[in-house]
Amino acid sequence: MTSMIAKTMATAAMTALVTGSALAADLHVLNWKGYGADEPWAIEAFEKATGHKVINDFFNSEQEMLTKLRTNPGLYDVVMINAAFNDQAFNEGLIEPIDTSRIANYANIGEEKAKSPMLNHDGKVYGVPWVWGVTAIAVNEKSFPTLPTSINVMWDPAHKGRVVLRDDAVEAIQFGAIATGQDINDIKDMDAVKAKLTSLMPQIRTFWSAENDWNQMVAANQIDVGTYWSGSADRAKTNFKLPVSLVIPEEGCVGWLDAFSIPKGSKNVEGALAFINYMIDPAFYTEWVAKVGAPVSANTKALEALPADAFNRVVMGDPKIASRITFQAPITDAQREQYLAIWQEIKVNVK
């Protein structure tokens, strides 16, 4: 399969980079660690096909990602940005428009995601949709002979001290909104959210930041249930053979769309375009799913290339599941500060 990707990429590099020279150069990529862009087999195939040497750097939160872009102008060539944060990156002048006519696989991006107002500004594209997924709950199968259906399982006294939440203010507040029956993008009763999350704190074992944290805790049988990303749950089961199952609560879950952007001042735009084209290529995606586990591709051809019984087609493509997903919308700086203040106050209650 790797040789097939290399062949595909050799062709894609020539077709996508239709103008200018494609001289080999260092390519600096900023992304989550262990999230597709740093898979050794994938990097090897890309470098062999294009000659560009990939240098990865990582972040643990969207705020850290934005800080790295602000403090290192011109360092990065590709950055993965949650679509809900693309607007902020655009307004701060941290990213530049992308000529999608030079990205061959862009033609197969689903129209709804390609035209997302979160990724398009002033008639130009500032983010190429890559993958999407949800923040729901994942469970340790050893603790659940029958999978739960409600988000309220996290408040069940039977799991006291064995519940985890990601240490992210926005995600936590939105999770609290779901638990109180509210729209994550239009929270009317913040007091109810605060009260609901506060009542959860006695259940909490710890807060997690990185995917590896979650996986290590479930491997050690230290946790029963917690918020988790759909793609991460898939990787935990597929790649690490952990007893993990994703649950899409009947109350709903948070949807997110990840996209690739080109930071302002990129020194290797040619390489960036080739890399983005590679990341949305069906050949790369199907191997990523098979070897590691991945979120849902924004490329319709990539999804069609998966087996008919694949999780990302059967479960994530289920209309009943889709009806429970609310995608994150951008929030203002004032909202972010409010969420952070509430979250910091709530966390004090964890002993």
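Author: Let's start with a term: buried means under 20% relative accessible area, exposed over 50% and partly exposed in between, with a 1.4 Å probe and protein chains only. This is a predicted model, where local features need pLDDT of at least 70, side-chain atom pairs count only at pLDDT 80 or more, and totals for chains, interfaces and linings use all residues. Residues are numbered from 1 along each chain as its sequence is written, and side-chain values use heavy atoms, with hydrogens and water left out.

Reader: What makes helix α9 mostly covered?

Author: Seven of the nine residues in α9 (230-238) are buried. They are Ser230, Gly231, Ser232, Ala233, Asp234, Arg235 and Ala236. The helix itself is a DSSP run (H or I, at least four residues; strands are E, at least two), numbered from the N terminus.

Reader: Which elements do the buried residues of α9 pack against?

Author: Going by contact, that is, heavy atoms within 4.5 Å, their partners are the strands β7 (128-140), β10 (225-229), β11 (244-247) and β12, plus the helices α8 (211-219) and α11 (282-291).

Reader: Why is Asn268 called buried?

Author: Its relative accessibility is 5%, so Asn268 counts as buried. Asn268 sits in the loop between β12 (253-263) and α10 (269-279). Leaving aside neighbours within four places in sequence, Asn268 touches Ala25, Asp26, Leu27, His52 and Asp77.

Reader: And why does His52 count as buried?

Author: Here the relative accessibility is 1%, so His52 gets the label too. His52 belongs to the loop between α2 (40-50) and β2 (53-58). The C-alpha atoms of His52 and Asp26 are 5.7 Å apart, though 26 residues separate them along the chain.

Reader: What makes a set of residues a nonpolar core?

Author: Buried Ala, Val, Leu, Ile, Met, Phe, Trp, Tyr and Cys residues have to be joined through side-chain atoms within 4.5 Å. The largest such core has 87 residues, and Trp130, Trp214, Phe275, Tyr285 and Trp288 touch the most other members. Apart from it lies another core of 34 residues, including Phe175, Leu200, Val225 and Ile346.

Reader: How do you know that the radius of gyration agrees with a compact globule?

Author: The radius is taken over C-alpha atoms, and the globule rule is 2.2 Å times the number of residues to the power 0.38. For 351 residues a compact globule would come out near 20 Å, and the protein chain has 20 Å, so the two agree. Buried residues make up 57% of the chain.
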